[in-house]
Amino acid sequence: MCFACHRMNGAGITEIGPDLNLPTNPVDYFKPDALFMLIRDPVTVRQWPDMQLHGFSEEQLSDRENHNVIAYLTEISTRKVE
Ligand code: HEC
């Protein structure tokens with residue numbers, strides 16, 4: 001779901017959203033609760049007219065899966081490609 005719009009560690013072909021690990025991973029600059037809410041419903045964290053991250057409902061991404069995404073981001077934040 002995420003890699004339709006995001007690259008990871010430089011891999012991927014999309015140019016819609018930022019790479020989710022380079023140069024820094026969102027876990028490095030978002031508090032965990034804010035990152036959880038950003039993925040669930042970004043306008044609860046920040047908003048502007050042209051924002052393209054629309055978030056994911058609990059049907060699309062359960063709370064458990066959202067925590068798993070953040071755990072994955074936390075793990076891969078220690079494995080940045082040079
Ligand atoms: C429809 C395209 C799209 C999808 C799908 C998408 N994103 Fe995004 N995302 C964006 C864009 C574009 C931005 C940049 C901010 C904006 O325009 O909303 C962004 C921003 C973000 C940010 C904030 C990055 C920053 O530094 O500000 C995070 C974190 C994020 N997305 C995580 C995810 C995760 C996790 C998923 C999958 C569960 C996902 N996104 C799926 C398009 C998408």
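A polar contact here is a pair of N or O atoms within 3.5 Å; within protein, one must be able to donate a hydrogen and the other to accept it, and residues adjacent in sequence count only if both atoms are side-chain atoms. The model is predicted: local features need pLDDT of at least 70, side-chain atom pairs count only at pLDDT 80 or more, and totals for chains, interfaces and linings use all residues. Residues are numbered from 1 along each chain as its sequence is written, and side-chain values use heavy atoms, with hydrogens and water left out.

**Stop 1: the ligand and its iron**

Select the ligand and then His6. A polar side-chain atom of histidine 6 is 2.8 Å from a nitrogen atom of the ligand. Which protein residue is the donor of the iron atom? His6 is the only one, through NE2 at 2.0 Å. Donors are N, O and S atoms within 2.8 Å of the metal (3.2 Å for Na, K and Ca); water is not among the atoms, so sites may look incomplete. Histidine 6 belongs to the segment before α1 (26-29). Helices (H or I, at least four residues) and strands (E, at least two) are DSSP runs, numbered from the N terminus.

Next, show tyrosine 29 and arginine 46. An N or O atom in the side chain of tyrosine 29 is 2.4 Å from an oxygen atom of the ligand. For arginine 46, a polar side-chain atom lies 2.6 Å from an oxygen atom of the ligand.

**Stop 2: helix α2**

Select residues 32-40, which form helix α2. Its buried residues are Leu35, Phe36, Leu38, Ile39 and Arg40. Buried means under 20% relative accessible area, exposed over 50%, and partly exposed in between (1.4 Å probe, protein chains only). The cover over these buried residues includes α1 and α3 (63-76).

Now select arginine 40. Is arginine 40 buried or exposed? Its relative accessibility is 13%, so arginine 40 counts as buried. Its side chain reaches the backbone oxygen of phenylalanine 56 at 2.7 Å. Not counting residues up to four places away in sequence, arginine 40 touches Gly55, Phe56, Ser57, Glu58, Leu61, Ser62, Asp63 and Asn66; contact means heavy atoms within 4.5 Å.

Alanine 34 is also in helix α2. Alanine 34 counts as partly exposed because its relative accessibility is 25%.

**Stop 3: the segment before α1**

Go to asparagine 9, in the segment before α1. Its phi is near 55 degrees, a positive value in a residue other than glycine. Asparagine 9 has 14% relative accessibility and therefore counts as buried.

Move on to leucine 22 and proline 23, which are joined by a cis peptide bond with omega about -5 degrees. Most residues other than glycine have a negative phi, and most peptide bonds are trans. Proline 23 counts as exposed because its relative accessibility is 71%. Its C-alpha is 9.8 Å from that of serine 77, 54 residues apart in sequence.

**Stop 4: asparagine 25 and leucine 73**

Asparagine 25 lies in the segment before α1. With 0% relative accessibility, asparagine 25 counts as buried. A polar atom of its side chain lies 3.0 Å from the backbone oxygen of leucine 73. Beyond four places in sequence, asparagine 25 touches Leu20, Leu73, Ile76, Ser77 and Lys80.

Finish on leucine 73, in helix α3. Leucine 73 counts as buried, at 4% relative accessibility. Leaving aside neighbours within four places in sequence, leucine 73 is in contact with Met8, Leu20, Asn25, Val27 and Leu35. The C-alpha atoms of leucine 73 and proline 26 are 7.7 Å apart, at 47 residues apart in sequence.
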